[in-house]
Amino acid sequence: MNKTIITISVILISTVLTIPVVFSDDDRDEYRQRSLGVAPVTSETYKSECSSCHMAYSPGLLPAGSWKKIMTGLESHFNDNAEVDNEDYKIIQDFLVANSAEKSNYRRSRKIMRTIGKDETPVRISELPYIKREHDEIPDKMIRYNKKVNSLSNCIACHAQAEKGLFDEDSVKIPGYGHWDD
Ligand code: HEC
Ligand code: HEC
């Protein structure tokens, strides 16, 4: 190597070494979310069509097959009619499938996938083995017999940030009982 090349290399290397590594608030939020939650809901069509009776569940809480099964049976959706028009149907289904649990690298989605058998297509998040296990110490009086909750499906009653995909223990508050200490 000649001198010029060496000089240039030294300059380049020292420049790279002195650039400070900056983590913005956004990076930190994303890190927190990836390790603690599921991806947030980003489709406005999904939010407006699927959150009038319950919260808009994050797509990362169920595998693609489950979302397809749910979308196929909207006219008799848990004893309700949740049909949407054809255009919205496609937007919603594409969004749910593209962001489903097996497509996600968020920690909770991966945990959910690990507890579902290959041939299973559960339609209830509240009955997934992983979700049931995380809540099995909470007594019925705080869920089923709690008028402000009614069922484990009502994630947002206790996880105020559930629509943002955040389920960490620090932000859990059970209505009428407050913070949960286990
Ligand atoms: C007309 C009311 C209504 C609309 C609109 C609606 N749902 Fe539901 N959904 C229900 C009811 C009722 C349940 C059962 C809740 C329960 O048992 O506590 C339910 C349950 C669910 C569950 C399972 C929750 C659990 O227990 O884990 C999913 C997932 C779901 N809905 C997805 C959707 C999607 C996707 C859409 C939009 C295409 C949608 N829902 C629109 C009424 C509705
Ligand atoms: C009655 C209140 C309540 C409802 C409803 C509820 N949760 Fe929870 N959830 C909790 C509590 C309390 C914990 C902490 C449990 C523990 O540490 O033993 C928890 C823990 C979790 C965890 C694990 C968090 C961690 O840091 O380990 C996840 C994920 C979660 N909930 C998701 C959900 C989803 C998804 C729903 C809706 C389908 C839901 N929860 C409904 C109260 C609730």
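1. Let's start at ligand 1: the side chain of His54 places an N or O atom 2.8 Å from one of this ligand's nitrogen atoms. Do keep in mind as you read that this is a predicted model.

2. Ser126 has a polar side-chain atom 2.7 Å from an oxygen atom of the ligand, and the side chain of Ser153 brings an N or O atom to 2.7 Å from a ligand oxygen.

3. Which residues come nearest to ligand 1? They are Cys50, Cys53, His54, His77 and Ile125, out of 22 residues around the ligand. Sorted by class, that shell holds 12 nonpolar, seven polar and three charged residues. Helix 3 (44-50) and helix 4 (64-72) each contribute at least two residues to the shell.

4. Now for ligand 2. Its iron atom is coordinated by the NE2 atoms of His135 and His159, at 1.9 to 2.0 Å. The iron has six donor atoms, with angles of 88 to 180° among them, and the site is octahedral. For your reference, the ideal angles for six octahedral donors are 90 or 180 degrees.

5. Where do the two histidines sit? His135 belongs to helix 7 (residues 129-135), while His159 is in the loop between helix 8 (155-158) and strand 1 (173-174), so the pair ties together parts that are 24 residues apart in sequence. Both His135 and His159 are buried.

6. One last stop is helix 6 (residues 107-114), whose buried residues are Arg108, Ser109 and Ile112. Viewed down the axis of helix 6, these buried residues fall within an arc of 100°, so they line one face of the helix.

Methods
Residues are numbered from 1 along each chain as its sequence is written. Chains are lettered from A and ligands numbered from 1 in the order in which they are written. This is a predicted model: local features need pLDDT of at least 70, side-chain atom pairs count only at pLDDT 80 or more; totals for chains, interfaces and linings use all residues. Side-chain values use heavy atoms; hydrogens and water are left out. Donors are N, O and S atoms within 2.8 Å of the metal (3.2 Å for Na, K and Ca); water is not among the atoms, so sites may look incomplete. Four donors count as tetrahedral if all angles lie between 85 and 135 degrees; four count as square planar and six as octahedral if opposite donors are over 155 degrees apart and all others between 65 and 115; anything else is irregular. Helices (H or I, at least four residues) and strands (E, at least two) are DSSP runs, numbered from the N terminus. Buried means under 20% relative accessible area, exposed over 50%, partly exposed in between (1.4 Å probe, protein chains only). The arc is that of the directions from the helix axis to the C-beta atoms. A residue is near a molecule or strand if one of its heavy atoms lies within 4 Å of it. A polar contact is a pair of N or O atoms within 3.5 Å; within protein, one must be able to donate a hydrogen and the other to accept it, and residues adjacent in sequence count only if both atoms are side-chain atoms. Ala, Val, Leu, Ile, Met, Phe, Trp, Tyr, Cys and Pro count as nonpolar, Asp, Glu, Lys and Arg as charged, and the others, Gly among them, as polar.
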